[in-house]
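Please open the model in your viewer and keep the sequence panel beside it, as this tour moves from one selection to the next.

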Amino acid sequence: MLGDVPLWTTVLQLLAAGLVGGFCVLQWVWWRGSLREDGSQWAVALSAAMSLMLLTAGVRDVAQSAPAREALGFVHAQLVAAVVLLCLPATRAFGGKGPRLTPWVVVAAGLLAVRALLWAPAVRAAEDGDPSGRAMAAGLLFVALAVTVGYVVAALGAARITGVGWLLVAAASLSVVLLTVGLVLPGVVHAAALGALWPLPLAVGLESLAFVRLLRSQLTARRREQMRDALAAVTNAAWFSRDADALLEQACEAARAVLDEPGIEGSLRPLQRDRFVAELFPPDPARLAPHERTFLVDLSVVVASAAERYALTDRLSRAAETDALTGLPNRRAADRYLHDTLERAAVERTRVSVLYCDIDGFKDVNDRQGHAQGDELLRRTADYLRTWSDSETYVARLAGDEFAVVVSRAPEDADLADLARRLRAGFDARVGSPAGPHLTCGVATWNPEEVVDADALLRHADDAMLEAKRARSGHRVFDSALRARAEDSRRLRAALERAVAEDRITAWFQPIVDARSLEVVGLEALARWQEGDKVVLPEHWLALAEQTGLVVPIGHAMFRQARRALDRHQMPVAVNLSARELHEADVLERIDEAWGGGLWEHLTVEITESTMLRTTTAVPVLSELRARGARIALDDFGTGFSSLARLARLPVDVLKIDRSFVREVRTPRGAGPVRAIVALAEHHGLDVVAEGVESAGDLQVLVELGVRQAQGMFVGRPAPGLPVRGARPTPRSDLPRRPRSRTVPRPLRVVGGIDTHPPDML
């Protein structure tokens, strides 16, 4: 195949080998990049084979020895075969379509393998003057070349060819023509030179295609970087934006800029359950590459996910500020709205009012008709109050059965009072009934000269509502008198909190005596607030302590001091247990910690009759204390609603006759209830203590009626200590545990607590 060629042909071969080799290195870098799926490896292999083929031909032409020229000729022939064979997969890789490749490769490889086996005999035959061997080798090459050309034609028929592709086809055709002239027409002028330069057109076309593909890959890589940057920018914007439509428009703008396609449009559609679907679509989707379509899908996913997150955030925000039962704004939303309204009113110099509404009789509805009816009452109340809502009025449910109506740009107090009256009347007509429930309203107004304090305004309205409930007036406006009372209450609360923190709530002890011998048989611990040199009686602060929960640490302190009194005086002691303490989940643990354990038989826990009957946790707690050995006294007996049958089932050891009966015991009207209580106690095996004994005459009548123990100012006043003589229990080490018996009365035992008696008995 190689013959004697001019020197310029050799120079061109070597120069072309260098250029093709350089492109081969460039294509290898491309192949090492991110676009290997585009067939770059076959371009590298074909370029490398052509470069080696041209280099071998050039070196062979300048070689001097015959063996070297023969060896280089054989190598050149095999490289030609490799180029012909590599054209098959390269065509498939560049075209992307075509017939099944394997049969064509097998046929072409077989022909070229036979040609390689016949190469040496064909060369020797040509040297001996027999051209048939060389013709056979050339024929096999042409047949293999024909197989390759046939496959190329078949592949071109199935693929869409670009301008560069047609250039490569033309170059390959020219190379085939030059190869044919060099092999078949050796007598033609410059036939050997043309045969030697046949790879040049194919190399030019191949490297042109490779160069175009390389530029295209660089452009694609740059575009992919732009896609990543654009996708990251839209994703970051999704975390800061709260407008899904604006985010969709930003995604569309990013897609148009990156893909250079101004016709890209987007859509965002809601689905069920706050789900969304977003789409970005170009005018001609077929023109986009797969990675470009993936870019549009990724942008759509970001927009749809952000829209779902926005919808979920809005729903959670509404749920956080909306009452689930009534659909009204809740306390959190009301606080925020009221604060904003006050800030605006401070600028506009307008008044803001709050009507604090409470449903009287709501608890009775829950107790008598069930919680379902109570919930229905709350919903009906909310629907009723909504009818009063307008641009200047805001309605919210604060908690339980409490509602607030905020009136911005409030009118005068007289008009506000009339509004509260009409609210109550409308409620009776549409929701309640003449027999109940009713709506009680408290009205408080903020004026521009006051400090902006939403909590204080709500608190004042609440105070007015509570005053209206106490006075049963239906409504009340927060005026100067209520303001002064509220200020006094706040000062009292602050002072009480300091007193509790500094342990200045101390226990005073009032004796309980035997009604006949006046022998002291027990002590009752009564809470006193030591404020400097003065003692503040419970009538001034007990209700506040109950309301604020300070009664819990005070009761804890009373139990602790009562235990110390037992150790000091060796006398049984008793304490009042409040309803608020019974509502605490750890009330038993608190009592056990304060009492210190043991000697429970010298402790009496006093609880009022109303607390026993109205507090659901009272019976289990008192039963547990009674099981430990403590005695239970029912204080203020006769003022509640106990039935005789129920009294037998309650964990009670002592009945304390209320002072209201003792005060009239010398009259037939007062003696009758006392006689009945004594008889009832004897029937159930209970001890009886008469409270509020103020005179010798009262004590004498009580003794005649069968009362065995008494307590009051006549028989002993409360004092910080009790330096009196009386019956003492046996030493602790020898204290026997008495059997529990309801038939044998025994000395009353008292523990620390809070005295709930009126001031004349403290």
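What volume does the largest cavity have? In this predicted model, the largest cavity has a volume of about 70 Å³, and the count of cavities of 30 Å³ or more comes to six. To find the largest one, select Val552, Gly555, His556, Phe559, Leu577, Glu581, Glu584, Val587, Arg590, Ile591 and Ala594, the residues that line it. If you colour by element, helix 19 (551–569) and helix 21 (587–595) are the elements that give two or more residues to this lining. Colouring by class instead, you will see six nonpolar, two polar and three charged residues around the largest cavity.

Next, turn to the charged side chains. Side chains of opposite charge can pair when their charged atoms come close, and a search of the whole structure finds 40 salt bridges.

Select Arg315 and Asp274, which form a salt bridge whose closest N and O atoms are 2.8 Å apart. Arg315 belongs to helix 11 (residues 290–320), whereas Asp274 sits in the loop between strand 1 (265–270) and strand 2 (276–281), so that the pair links distant parts of the chain, 41 residues apart. With a relative accessible area of 40%, Arg315 is partly exposed, and Asp274, at 32%, also counts as partly exposed.

Now select Glu321 together with Arg336, where the closest N and O atoms of the salt bridge are 2.5 Å apart. Because Glu321 lies in the loop between helix 11 and helix 12 (331–348) while Arg336 lies in helix 12, this pair ties together parts that are 15 residues apart in sequence. Arg336 is partly exposed, its relative accessible area being 44%.

Move on to Arg409 and Glu392, a salt bridge in which the closest N and O atoms are 3.4 Å apart. Here both partners are in loops: Arg409 in the one between strand 5 (402–408) and helix 15 (413–430), and Glu392 in the one between helix 14 (371–386) and strand 4 (393–399), so the pair ties together parts that are 17 residues apart in sequence. Arg409 is partly exposed at a relative accessible area of 42%, and Glu392 is partly exposed at 27%.

Terms used
Residues are numbered from 1 along each chain as its sequence is written. This is a predicted model: local features need pLDDT of at least 70, side-chain atom pairs count only at pLDDT 80 or more; totals for chains, interfaces and linings use all residues. Side-chain values use heavy atoms; hydrogens and water are left out. On a 1 Å grid over the protein atoms alone, a cavity is a set of points where a 1.4 Å probe fits but cannot get out, and a pocket is an open set with protein on both sides within 12 Å along at least five of seven lines; lining residues have an atom within 4 Å of a point. Grid points are joined across faces, edges and corners, and a volume is the space filled by probe spheres set on the points. Helices (H or I, at least four residues) and strands (E, at least two) are DSSP runs, numbered from the N terminus. Ala, Val, Leu, Ile, Met, Phe, Trp, Tyr, Cys and Pro count as nonpolar, Asp, Glu, Lys and Arg as charged, and the others, Gly among them, as polar. A salt bridge is a side-chain nitrogen of Lys or Arg within 4 Å of a carboxyl oxygen of Asp or Glu. Buried means under 20% relative accessible area, exposed over 50%, partly exposed in between (1.4 Å probe, protein chains only).
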